[in-house]
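Here is a short report on aromatic rings and their neighbours. Look at the structure first, then read on.

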Amino acid sequence: MMNEMANKIGMKNTVFVNPSGLEERDGSANMSTVYDMALLTRYAMKDNDYRRIVGTKEIVVKSSLKSYRWLNKNKLLSSYEYCTGGKTGFTKKAHRTLVTTASKNDMNLIVVTFNDGNDFEDHKYLYERYFNKYERVKVLDKTRDYGNNLIMKNDFYLIKNNNDKVEIKVSKFDLSNAINGSIGGKVEVILNGEVLGSRNLYYEKVSVSKDKSFLNKLLEFLKFW
């Protein structure tokens, strides 16, 4: 099931042999890449329970005999103010592995390192480097008027740096037989010559009859008074 899910979210270079991550007695072990671990983390961060667990610095549990205190081994949670979670790891074959997440200025970043003896400092350095290099900007605004009774239902945000070239391409379809709610066009966001994403434009024409009905009721109300 883990391998099925990995394939579903695009982890093309990952093979799971167990759910623990530890090496088996016969020497077999899970195999993956830093990119695939980033994809897995992005997927996991959509889950509220996961975010709560990996973002917890410490937890204390009391029994009838004593109190137990556990500390999160992800030191960035305490040493880097923008860290939101992550997971440490170590095996004899993989050595030190670390996956962390951080959020700043509406940007969510993921850093993954394998076999890195200075991983916490390297993660902090990479976060600062890319938080300073990029910014999150709104490139498509759903309140914008696209004409021909076309509207967009969702904004489009993009993470870019000052050297990136952003283009907006608007395509409008034949609206002669369009009905309310139908797709009447498309807006594409092009980053450095590559289409990065798009939003549909929907045909939403205000009904004239409804307008007249409302005006008639308003006039009747005013006449009565």
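## Aromatic rings in the model

Tyr-127 is buried, with a relative accessible area of 0%. The model is predicted.

How many aromatic pairs does a search of the whole structure find? The search finds six. One of them joins Tyr-80 and Tyr-82. That pair is edge-to-face. Tyr-80 also pairs with Tyr-127, and here the rings are stacked. A pair of aromatic rings is described by the distance of the centres and the angle of the planes. The table gives both values.

| Pair | Centre to centre | Angle between planes | Type |
|---|---|---|---|
| Tyr-80 and Tyr-82 | 5.5 Å | 75° | edge-to-face |
| Tyr-80 and Tyr-127 | 5.8 Å | 10° | stacked |

The pair of Tyr-80 and Tyr-127 links distant parts of the chain. Tyr-80 sits in the loop between helix H4 (76–79) and strand E3 (83–91). Tyr-127 belongs to helix H5 (residues 119–133).

Is Tyr-80 buried or exposed? Tyr-80 counts as buried because its relative accessible area is 6%, under the 20% limit. Tyr-82 is partly exposed, at 23% relative accessibility.

Ring pairs join these residues into a cluster: Tyr-80, Tyr-82, Tyr-127 and Phe-131.

Arg-136 lies over the face of Tyr-157, at 4.0 Å from the ring centre. Lys-153 places its charged end over the ring of Tyr-202, 4.1 Å from the centre of that ring.

Note on methods: Residues are numbered from 1 along each chain as its sequence is written. This is a predicted model: local features need pLDDT of at least 70, side-chain atom pairs count only at pLDDT 80 or more; totals for chains, interfaces and linings use all residues. Side-chain values use heavy atoms; hydrogens and water are left out. Rings of Phe, Tyr and Trp (its six-membered ring) pair if their centres lie within 6.5 Å; planes under 30 degrees apart count as stacked, over 60 as edge-to-face and the rest as tilted. Buried means under 20% relative accessible area, exposed over 50%, partly exposed in between (1.4 Å probe, protein chains only). Helices (H or I, at least four residues) and strands (E, at least two) are DSSP runs, numbered from the N terminus. A charge sits over a ring if NZ of Lys or CZ of Arg is within 6 Å of the ring centre and within 35 degrees of the ring normal.
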